[in-house]
Amino acid sequence: FPSHDNNPFKSRFYYRWRSLIMALVILYYFLIAIMIVGIIGELLPAIPGMSLILIAMLVWGFVTKFAGMGVALTVAFVILLLSLGVEFLASYLGAQKVGASNWSQIGLVVGLLAGIFGLLPALPIGGPIIGLFVGPVVGAFVGEYAYRRDLELTPRLQQSLEVCVGIVVGTVIGHVAKAMLATAAVIVFIVTTWPNLSSVIS
């Protein structure tokens, strides 16, 4: 309805409709901003990452009754599953690259589990999340140090630290890979949902 319509009912309906559209647009851009925070979260261990992106998509889906969101949600779920294993795999490969022993790799797994479920539980925010990063490093160091007991103290510490460096480098690469996957999910969301929103606006 045109804004200058003399019919009071049509005029009120028009302004309510425009207000609804404006609220929908604001919500859309707000959720995009949340998704960008989620991408940053894949780089920083203290901020939620892909899970935050998925929640934002679900919010938009509930508002729009999931119109045209099948592809976006499928991609997001697949990327979420992939991202769960990317960081661990990158840390594992980083440890292998510097000649880590089986003990350090076992320590990596134990440290990862301890970091998720028990490391730094006293912190009100980020305990398990920080533990996800610190746990594998500490576990691998302890495992490698215990395995290299035939070496003198200095080379023993050096080898254990090299394993830690390999894990840290692998973890950083893993975070970058996860951020790229998260970016792909957001791009798919925008490409599949923006046409519907723009048609409503116009």
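1. In this predicted model, Phe 189 touches Tyr 28, Ile 32, Met 35, Met 57, Trp 60, Met 69, Ala 72 and Trp 194, with residues up to four places away in sequence left out of the count.

2. Phe 189 is also listed among the residues with the most contacts inside the largest nonpolar core, together with Met 35, Met 50, Ile 53, Met 57 and Trp 60. That core comprises 26 residues. Two or more residues are given to this core by each of α1 (8–41), α2, α3 and α6 (153–201). Helix α1 supplies the largest share, namely eight residues.

3. The packing of two helices may be considered next. The axes of α2 (residues 50–64) and α3 (residues 70–97) come within 10 Å and cross at roughly 165°. Because angles over 145 degrees count as roughly antiparallel, α2 is roughly antiparallel to α3. The crossing in which α2 passes α3 is left-handed.

4. On the α2 side, this contact is made by Met 50, Ser 51, Leu 54, Met 57 and Leu 58. On the α3 side, the residues are Ala 72, Leu 73, Ala 76, Phe 77, Ile 79, Leu 80 and Ser 83. Classified by type, the contact of α2 with α3 contains 10 nonpolar residues, two polar residues and no charged residues.

5. Two residues link these points. Met 57 of α2 takes part in the contact with α3 and is touched by Phe 189. Ala 72 of α3 likewise belongs to the helix contact and is touched by Phe 189.

Key:
Residues numbered from 1 in each chain as written. Predicted model: local features only at pLDDT ≥ 70, side-chain atom pairs only at ≥ 80, totals over all residues. Heavy atoms only, no water. Axes fitted to C-alpha atoms, helices over the stretch in contact; angles between N-to-C directions. Helix = DSSP H or I, 4+ residues; strand = E, 2+ residues; numbered from the N terminus. Parallel < 35°, antiparallel > 145°, perpendicular 65-115°, else oblique. Left-handed = near helix turned anticlockwise from the far one by under 90°. Contact = heavy atoms within 4.5 Å. Nonpolar A, V, L, I, M, F, W, Y, C, P; charged D, E, K, R; others polar. Core = buried A, V, L, I, M, F, W, Y, C linked by side-chain atoms within 4.5 Å. Buried < 20%, exposed > 50% of the residue type's maximum accessible area, 1.4 Å probe, protein only.
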